[in-house]
Amino acid sequence: MRELAVLGTASQVPTRHRNHNGYLLRFDDEVILFDPGEGTQRQMLLAGLAVSPITRICITHFHGDHSLGLPGILQRISLDKVPHPVTVHYPAQGQEYYDRLRHATSYWDNAEIVAAPVSGAAFSSGQISALPLWHSLPTYGYRLTEPDGRRMVPGLLAAHGISGPAVGELQRTGRLGDVTLDQVSTARPGQSFAFIMDTGLCDNVFALAEGVDMLVIESTFLEEDAEMARMVGHLTARQAAAVARESRVRVLVLTHFSQRYQDASLYLREARLEFDGEIVLAEDLMRIPFPARTATG
């Protein structure tokens, strides 16, 4: 299953209709919680989501609207005695904030929480990678990349008389007798996802977004406040959409909306000036299915 559950979409402060940030990505066996802001645990309850499947938590930076929900999530993971390790990625420069949030109150610590601070110009752990962004304190964007694979072609398998368990053996070994994997399959490029919060425009924004199937990106301001966005290290909706266009993104998810704008449709109107692909204005408790594979991917 591949799906994004949106738990909160507000920037800086929650509103009557938008909680602090929180995004849960289901990507097959990886279940990743991004930027759990205050109230994330309750938002998960309202969304019908449990903490037990979570395999990773990714913190972009240690502003409260992106991290104040971490203590509650970690304590719930412990309360539910989640049996597998849960890895937490966060900027290494914010280690003191992580330490405070990790043990913000007293509780029985019954889970294996693996701290995995991110530092330097780049980071990679399996399918997860991160790059530094441009904000008022150390901030990283994350990217999930599925390895390329092969798609088996039933007609070609049948032509070579291969069926049943023999198909699995061919996939594992790459050869079955005189038949190679390439003869009965086609290339299947992996899918990808990028998560970019709280940043001004910089090269790494484009690097993270390049060719992804789904881009979740902050769009705090409208163009009328573009100078303010630049000064405080944020994006406008139009800038976010330009990133999606230049990076050849398939699905653009706009979020992290400022409370100063009452009409959310203005974000879509401005984004549409730059990007003619699929745009989703994120709303709390929304479920966004991951786009189906293309003919080549």
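A: Arg2 counts as buried because its relative accessibility is 17%, where buried means under 20% relative accessible area, exposed over 50% and partly exposed in between, with a 1.4 Å probe and protein chains only. The model is predicted, so local features need pLDDT of at least 70 and side-chain atom pairs pLDDT 80 or more, while totals for chains, interfaces and linings use all residues. Residues are numbered from 1 along each chain as its sequence is written, and side-chain values use heavy atoms, without hydrogens and water.

Arg2 lies in strand S1, residues 2–8 (strands are DSSP runs of E, at least two residues, and helices runs of H or I, at least four, numbered from the N terminus). Its side chain makes a polar contact of 2.5 Å with the side chain of Asp28; such a contact is a pair of N or O atoms within 3.5 Å, one able to donate a hydrogen and the other to accept it within protein, and residues adjacent in sequence count only if both atoms are side-chain atoms. Leaving out residues up to four places away in sequence, Arg2 touches Arg26, Phe27, Asp28, Glu146, Gln191, Pro289, Phe290 and Arg293, contact being heavy atoms within 4.5 Å.

Asp35 sits in the loop between strand S3 (30–34) and helix H1 (40–46) and is buried at 0% relative accessible area. Among the residues it touches are Cys58, His66 and Phe195. The C-alpha atoms of Asp35 and Phe195 are 9.8 Å apart, although 160 residues separate them along the chain.

Cys58 is itself buried, at 0% relative accessibility. Its sulfur has its closest cysteine sulfur in Cys202, 18 Å away, so the two are too far apart for a bond. With a disulfide taken as a pair of cysteine sulfur atoms within 2.5 Å, the count is 0 disulfides.
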